[in-house]
Amino acid sequence: MKKKPRSPWEIFNLTFSLGTSVLASLLVGVFLGYYLDKIFGTSPVFLLAGIALGIWVGFRDIFRILR
């Protein structure tokens, strides 16, 4: 069975949702890591962990959406 071609708005909606998903997860990781670093005084440890966690969650969401 052949797939129907997508309209430009569907493609725009898909790419917009992918971008916002990665950006939101990255920002949450950065802010959470920064906040934990301020509380515990462990300057870049939680920030770097938050960035890595945000990137991982963002790409996991991309794979879930594209599946």
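The side chains of Arg60 and Asp61 are joined by a salt bridge with an N to O distance of 3.4 Å; the term covers a side-chain nitrogen of Lys or Arg within 4 Å of a carboxyl oxygen of Asp or Glu. A search of the whole structure returned 1 salt bridge. The structure is a predicted model, in which local features need pLDDT of at least 70 and side-chain atom pairs count only at pLDDT 80 or more, while totals for chains, interfaces and linings use all residues. Residues are numbered from 1 along each chain as its sequence is written, and side-chain values use heavy atoms, with hydrogens and water left out. Arg60 has a relative accessibility of 30% and therefore counts as partly exposed; buried means under 20% relative accessible area, exposed over 50%, and partly exposed in between (1.4 Å probe, protein chains only).

Aromatic contacts were examined next. A pair of aromatic rings is described by the distance of the centres and the angle of the planes. The search of the whole structure gave 3 aromatic pairs, for which rings of Phe, Tyr and Trp (its six-membered ring) must have centres within 6.5 Å, with planes under 30 degrees apart counted as stacked, over 60 as edge-to-face and the rest as tilted. One of these is the edge-to-face pair of Trp9 and Phe12, with 5.8 Å centre to centre and 90 degrees between the planes. The two residues are separated by about one helical turn, because Trp9 and Phe12 are 3 residues apart in helix H1 (residues 8-40). Helices (H or I, at least four residues) are DSSP runs, numbered from the N terminus. Trp9 is exposed at 68% relative accessibility, and Phe12 is partly exposed at 46%. Phe40 and Phe46 form a tilted pair, at 5.9 Å centre to centre and 40 degrees between the planes. Of these, Phe40 is exposed at 53% relative accessibility, whereas Phe46 is partly exposed at 30%. Ring pairs also link Trp9, Phe12 and Phe16 into a cluster.

Phe40, which lies in helix H1, also belongs to a nonpolar surface patch with Tyr35, Ile39, Val45 and Phe46. Together these residues have about 520 Å² of accessible area, computed by the Shrake-Rupley method with a 1.4 Å probe, where for residues only the protein chains shown count as cover. Patches consist of residues with over 30% relative accessible area and no salt bridge, like charges being joined within 9 Å and nonpolar side chains (Val, Leu, Ile, Met, Phe, Trp, Tyr) within 5 Å. H1 and helix H2 (43-66) each supply at least two residues of the patch, and the largest share, 3 residues, comes from H1.

The largest pocket has a volume of about 180 Å³. The 13 residues that line this pocket include Val28, Gly29, Leu32, Gly50 and Leu53, the closest to its centre. A pocket is, on a 1 Å grid over the protein atoms alone, an open set of points where a 1.4 Å probe fits, with protein on both sides within 12 Å along at least five of seven lines; lining residues have an atom within 4 Å of a point. Grid points are joined across faces, edges and corners, and the volume is the space filled by probe spheres set on the points. H1 and H2 each supply at least two lining residues, with the largest share, 7 residues, coming from H1.

Two C-alpha separations were also computed. Trp9, in helix H1, and Phe63 are 54 residues apart along the chain, and their C-alpha atoms are separated by 21 Å. Gly19, also found in helix H1, is partly exposed at 39% relative accessibility. The C-alpha atoms of Gly19 and Gly33, 14 residues apart along the chain, are separated by 21 Å.
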